[in-house]
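Let's take a tour of a few residues that are worth a second glance. Have the chain open as you read.

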Amino acid sequence: MTDELRGSSGPPVELTVTAGPPANGGSCVARDDGRVVFVRYALPGERVRVRVVSDRGKYLHADTVEVVEPSADRIESLCPIAGADGAGCCDMAFADPAAVRGLKGAVVANQLARLGGYHWRDEADAVAEPVGDGSATGWRTRIRLDTTDSGQPGFHRFHSAELVTDLNCAQLPEGMVDGLADRAWPPGSQLHVAVDDEGTRHVVQSGPRGKGTGATRVVEGDYEAVQRVGDRTWRVPVTAFWQSHRDAARLYSELVAGWAQLGSGMTAWDLYGGAGVFAAVLAEAVGETGKVVTVDTSRGSSRAARAALGDMGWVSVITDSVRRAVAAQHDRADVAVLDPPRTGAGREVIDLLAAAEVPRVVHIGCEAASFARDVGLYTGHGYTVEELRVFDSFPLTHHVECVAVLTR
């Protein structure tokens with residue numbers, strides 16, 4: 001088997017296995033001849049025929065090519081371009097959305113126990129919460145498309161440089177990509193597309209690098225998209241970070257405002273703060289006698305934060321790494337809010353927070369394993385998980401958002 005996978009011109013290896021429990025990353029765990037097989041596009045309990053796509057010695061990765069005995073939770077795919085031979089956009093589109101929320105909850109519970117040493121709840125009882133109206137389709141506000149060698153925009157296949165040029169992804173609202181496939185773009189460029197809170201579509205082309213056309217170019221709309229949370233308005237570069245789900249920024253802001261438990265005159269740190277959405281609610285809570293520091297490495301996001309929060313003189317916007325910014329702070333924070341990238345905050349940043357004696361932390365994570373690891377790092381410093389919630393912020397995919405408040 002290994003020889004065939006590593007360069008034989010013969011057909012790919014196929015197996016028939018029974019899918020077991022969900023694993024982090026969107027696969028189910030199966031076994032074949034004593035080896036673990038991570039099977040994509042399968043549901044627990046299904047009997048499936050799979051095509052092995054990589055052999056790592058002790059375990060295999062495989063894609064489902066035929067469902068022999070389907071789960072009651074399997075449905076006709078909600079995304080016409082996703083699947084083993086399609087785009088990697090909606091890797092859970094073949095399962096009932098309610099069942100997917102259960103799988104996501106189980107994965108988070110498993111990762112928290114294994115990597116964080118923390119029992120959130122039994123896997124059978126763990127469920128991710130829907131966001132907004134819970135709709136599985138049409139929820140996305142921003143995408144980035146790469147281009148083929150012939151200049152066609154497309155979505156990547158799963159873990160591949162190859163692109164699928166059919167843009168009919170189920171995550172996208174109607175009209176988001178209309179006309180983009182009808183024109184040729186510079187090969188190697190990227191298209192950043194946003195539909196903002198005014199309903200306006202913005203298309204910005206970046207790259208390709210090193211070919212004399214690397215400058216960012218506004219193709220439609222503006223370079224900045226209008227985003228609103230509560231009564232406050234942001235103008236955020238289309239190329240910068242904003243929550244991809246249309247209801248996520250409001251939901252997380254309300255959660256942070258409640259969990260921070262701030263009062264007048266207190267100090268808060270908004271770390272990996274992006275455009276300062278959380279800084280806004282933190283600043284409202286501490287008032288003019290308080291202090292809020294928001295930190296991000298993105299210059300575009302920092303510019304958006306300074307513009308949106310310009311009427312709040314007690315908010316400091318810092319463009320730097322979180323590590324350096326926290327190490328430079330002289331006033332102890334009453335609460336720190338962290339929304340790091342998928343890799344998480346990590347040991348160095350969490351060590352700094354513990355050394356700074358921050359008594360209350362609201363931590364947001366968009367990858368189950370790194371979130372679980374970070375929770376374990378906090379508890380290793382004596383923090384206790386006061387509350388933890390999991391959200392299905394990325395329907396049709398295996399991705400999930402976790403939010404915890406930790407106290408010491």
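A residue counts as buried when its relative accessible area is under 20%, as exposed when it is over 50%, and as partly exposed in between, using a 1.4 Å probe and protein chains only. By that rule Leu396 is buried, at 5%.

## Before we start

You're looking at a predicted model, where local features need pLDDT of at least 70, side-chain atom pairs count only at pLDDT 80 or more, and totals for chains, interfaces and linings use all residues. Residues are numbered from 1 along each chain as its sequence is written, and side-chain values use heavy atoms, with hydrogens and water left out.

Helices (H or I, at least four residues) and strands (E, at least two) are DSSP runs, numbered from the N terminus.

Most residues other than glycine have a negative phi, and most peptide bonds are trans. Now look at Leu396: it isn't a glycine, yet its phi is positive, near 75°. You'll find Leu396 in the loop between β20 (384-392) and β21.

Tyr272 is another non-glycine with a positive phi, about 60°. This tyrosine sits in the loop between β15 (267-271) and α4 (277-286), and it counts as buried because its relative accessibility is 19%.

Which two residues are joined by a cis peptide bond? They are Gly207 and Pro208, with omega at about 0°. Pro208 belongs to the loop between β11 (201-206) and β12 (217-220).

Head over to Glu401, in strand β21 (residues 401-407). Glu counts as negative, like Asp, while Lys and Arg count as positive, and His and the chain ends are not counted. A salt bridge needs a side-chain nitrogen of Lys or Arg within 4 Å of a carboxyl oxygen of Asp or Glu. Glu401 is buried and has none: Arg342, the nearest side chain of opposite charge, is 7.2 Å away.

What does the side chain of Glu401 make a polar contact with? The side chain of Tyr252, at 3.3 Å. (A polar contact is a pair of N or O atoms within 3.5 Å; within protein, one must be able to donate a hydrogen and the other to accept it, and residues adjacent in sequence count only if both atoms are side-chain atoms.)

## A serine in a loop

Ser150 is in the loop between β7 (142-147) and β8 (153-156). Its side chain makes polar contacts with the side chains of Thr148, at 3.0 Å, and Gln152, at 3.5 Å. Trp185 is 35 residues from Ser150 in sequence, but their C-alpha atoms are 8.0 Å apart in space.
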